[in-house]
Amino acid sequence: EGVDAAALQSERTRLEADQMAAATLDSRITEAFKPRPLVSADIPPSLATWWSGGAEASGVEGLLASMSSHDASVIIPALRALPARGTLEPGKVHHQEWKTAAGESRHYEVYIPPGWTPGSLHACLVVLHGQTQMARAYSDCFIQDASRLGIVVISPEYIYDRKWGYFFSDSEHEAALGALRLGRLNHGVDPERVILVGHSQGGHMSFDLAQAHPGEFAGAAPFI
């Protein structure tokens, strides 16, 4: 049979258009997640005092407790004005521990991308794992893309008694939000570019968390 030159040219044109569209989308994604400089803003006294080391007695748990009572319109500009305190080595996943205002131990895993700088704000993925998984396994899943795009990945541990199912509880919310707030304070997370991702039980939690605290996230992507 003869070759339909017109059909081949049409297919070639379509493939070239698809490639151009994919390249444009990749460029837009890269630009959207690119680290950006800090901006100036007023800093609430409680944050400024803690930042300067003048409130060590209250510790991080005291700061988190005070932050939860602030309106997001105050907290977000304040955090954007603060230089990141983190000294974690870029290109690696780090285990971080903290305590709630009630003194309960909590922890999360955080991936710091290569090229991380304390003078910039970085987009962030908050990753919620499923019932039978642990936080570290899920932070590892996103490293390749996070490394390419310069994204901080935070995977909070929110299951401490291993009971089956998601309970829509304040303690589960606190475990995730506390890790995120520490990410803003210590790891240069941009409050305006936080995406919430959850799988299985974590997917249910991401639905709940995003609806309960819409001001904390730019978007949510549950996959149940």
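Helix H7 has 17 residues and spans 23 Å from its first C-alpha to its last, close to the 24 Å expected at 1.5 Å a residue. The expected span is 1.5 Å times one less than the number of residues. Helices (H or I, at least four residues) and strands (E, at least two) are DSSP runs, numbered from the N terminus. The model is predicted: local features need pLDDT of at least 70, side-chain atom pairs count only at pLDDT 80 or more, and totals for chains, interfaces and linings use all residues. Residues are numbered from 1 along each chain as its sequence is written, and side-chain values use heavy atoms, with hydrogens and water left out.

H7 is mostly covered, with 14 of its 17 residues buried. Buried means under 20% relative accessible area, exposed over 50%, and partly exposed in between (1.4 Å probe, protein chains only). Gly 188 follows H7 and has a positive phi, near 70°.

Phe 167 lies in the loop between strand S5 (152-156) and H7 (170-186). Its relative accessible area is 47%, so Phe 167 is partly exposed. Phe 167 and Gln 201 are 34 residues apart in sequence. In space, their C-alpha atoms are 9.8 Å apart.

Strand S4 (residues 120-128) is mostly covered: 9 of its 9 residues are buried. Two strands pair if DSSP finds at least two bridges between them. S4 pairs with strand S6 (residues 189-199) in the parallel sense, over 6 bridges. S4 and S5 also run parallel, joined by 3 bridges. Leu 125 stands opposite Ile 195 in S6. Leu 125 also stands opposite Val 153 in S5.
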